Amino acid sequence: MKIIVTDGYTLNPGDISWDAVAALGELQVYDRTPVDLIIERCRLADIVITNKAPFSKQTIDALNKLKMISVLATGYNVIDTTAATEKNILVCNVPAYGTASVAQHAFALLLECINHVGLHAASVAAGDWQRSPDWCYTLLPITELAGKTMGIAGMGNIGKRVGTIAAAFGMKIMYTGRTKHEDTNAVYCDTETLFANSDVVSLHFPLTSGNTGFVNAKLLASMKSSAILIN
């Protein structure tokens with residue numbers, strides 16, 4: 001069995017081992033694979049492991065030995081799943097691998113927006129606080145999250161984790177999505193209501209053909225002037 005990894009550096013910059021995968025067959029790892037080399041490199045593959053390298057219908061149709069495409073990510077929009085199904089090629093992903101880290105990153109972005117840590121760190125390093133006549137030194141207002149409203153667009157695994165963290169900060173939580181969840185204290189609403197009433201909107205929809213570009217001028221215009229959008 002021949003296993004091809006198309007963009008190994010993205011998946012493993014050197015801190016883990018491919019040995020467990022290599023034990024399953026003949027393994028070839030490419031750090032990066034340009035689109036025009038995907039077919040050439042994967043022509044004899046039984047299994048392809050990818051992250052961002054796209055597999056279009058044209059590419060899939062050219063890979064006659066392929067039995068499985070493993071996407072080492074939550075999103076699998078880089079794969080033409082219809083074409084794969086037509087050729088009985090199994091497509092799998094890792095739906096929960098980034099739940100904690102993506103939610104953590106969303107709050108890293110949010111806290112930078114409201115606490116301006118980078119700006120203040122640079123200013124203090126430059127000696128500005130030492131020269132300040134006041135002990136309380138701030139360049140921009142610091143906003144407390146407690147009591148503010150977090151709007152979560154997409155209440156899947158990551159969205160739920162974002163809601164848990166938001167609740168720990170004392171935030172009120174609203175959400176929108178395909179499914180209404182009974183096991184949460186968050187308020188379910190439509191997209192327009194979410195954008196109009198939230199102090200922070202965090203996007204956690206999977207990318208599909210139906211929601212590409214759904215954040216538009218009308219939605220943005222409906223937001224509070226002080227609101228923050230986290231993508």
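A nonpolar core is here a set of buried Ala, Val, Leu, Ile, Met, Phe, Trp, Tyr and Cys residues joined through side-chain atoms within 4.5 Å. Buried means under 20% relative accessible area, exposed over 50%, and partly exposed in between (1.4 Å probe, protein chains only). The model is predicted: local features need pLDDT of at least 70, side-chain atom pairs count only at pLDDT 80 or more, and totals for chains, interfaces and linings use all residues. Residues are numbered from 1 along each chain as its sequence is written, and side-chain values use heavy atoms, with hydrogens and water left out.

**View 1. The largest nonpolar core.**
The largest nonpolar core has 19 residues, of which Phe107, Leu110, Met150, Ile152, Val162 and Val200 touch the most other members. Two or more residues each come from α6 (99-115), β6 (149-153), α9 (157-168), β7 (172-176) and β10 (228-230). Helix α6 supplies the largest share, five residues. Helices (H or I, at least four residues) and strands (E, at least two) are DSSP runs, numbered from the N terminus. Beyond residues up to four places away in sequence, Phe107 touches Leu145, Met150, Val162, Ile165, Ala166 and Phe169; contact means heavy atoms within 4.5 Å. A second, separate core has 18 residues, including Ala53, Phe55, Ile69 and Ile79. In soluble globular proteins, nonpolar side chains tend to be buried together.

**View 2. Ser202 in strand β9.**
Ser202 belongs to strand β9 (residues 200-203). With a relative accessible area of 1%, Ser202 is buried. Its side chain makes a polar contact of 2.7 Å with the side chain of His204. A polar contact is a pair of N or O atoms within 3.5 Å; within protein, one must be able to donate a hydrogen and the other to accept it, and residues adjacent in sequence count only if both atoms are side-chain atoms. Apart from neighbours within four places in sequence, Ser202 is in contact with Ala106, Met150, Gly151, Ile152, Ala153 and Ile230. Of these contacts, Met150 and Ile152 are also among the core residues named in View 1.

Thr33 sits in the loop between β2 (26-29) and α3 (38-42). The residue is buried, at 12% relative accessible area. Its side chain reaches the backbone oxygen of Thr6 at 2.5 Å. A further polar contact, of 3.1 Å, joins the side chains of Thr33 and Arg41. Leaving out neighbours within four places in sequence, Thr33 is in contact with Thr6, Ile38 and Arg41.

**View 3. Two positive phi angles.**
Most residues other than glycine have a negative phi. Asn88 is not a glycine, yet has a positive phi of about 55°. Asn88 lies in the loop between α5 (81-86) and β5 (90-92), and counts as exposed at 70% relative accessibility. His116, also not a glycine, likewise has a positive phi of about 55°. His116 is in the loop between α6 and α7 (117-125), but counts as buried at 14% relative accessibility.

**View 4. Cysteines.**
A disulfide is a pair of cysteine sulfur atoms within 2.5 Å, and by this rule the count is zero. For Cys42, the closest cysteine sulfur is that of Cys92, 15 Å away and therefore too far for a bond. Cys42 is buried, with a relative accessible area of 0%. Cys113 counts as partly exposed, at 40% relative accessibility.

**View 5. Lys224 and its surroundings.**
Lys224 is placed in the loop between α11 (217-222) and β10. At 35% relative accessibility, Lys224 counts as partly exposed. Residues up to four places away in sequence aside, Lys224 touches Ala196, Asn197, Ser198 and Asp199.

**View 6. The whole chain, for orientation.**
Eleven helices and ten strands make up the count for the chain. The radius of gyration (over C-alpha atoms) is 23 Å, well over the 17 Å that the globule rule gives for 231 residues, so the chain is more spread out than a compact globule. That rule is 2.2 Å times the number of residues to the power 0.38. The C-alpha trace spans about 70 × 45 × 30 Å along its principal axes. Of the 231 residues, 37% count as buried.
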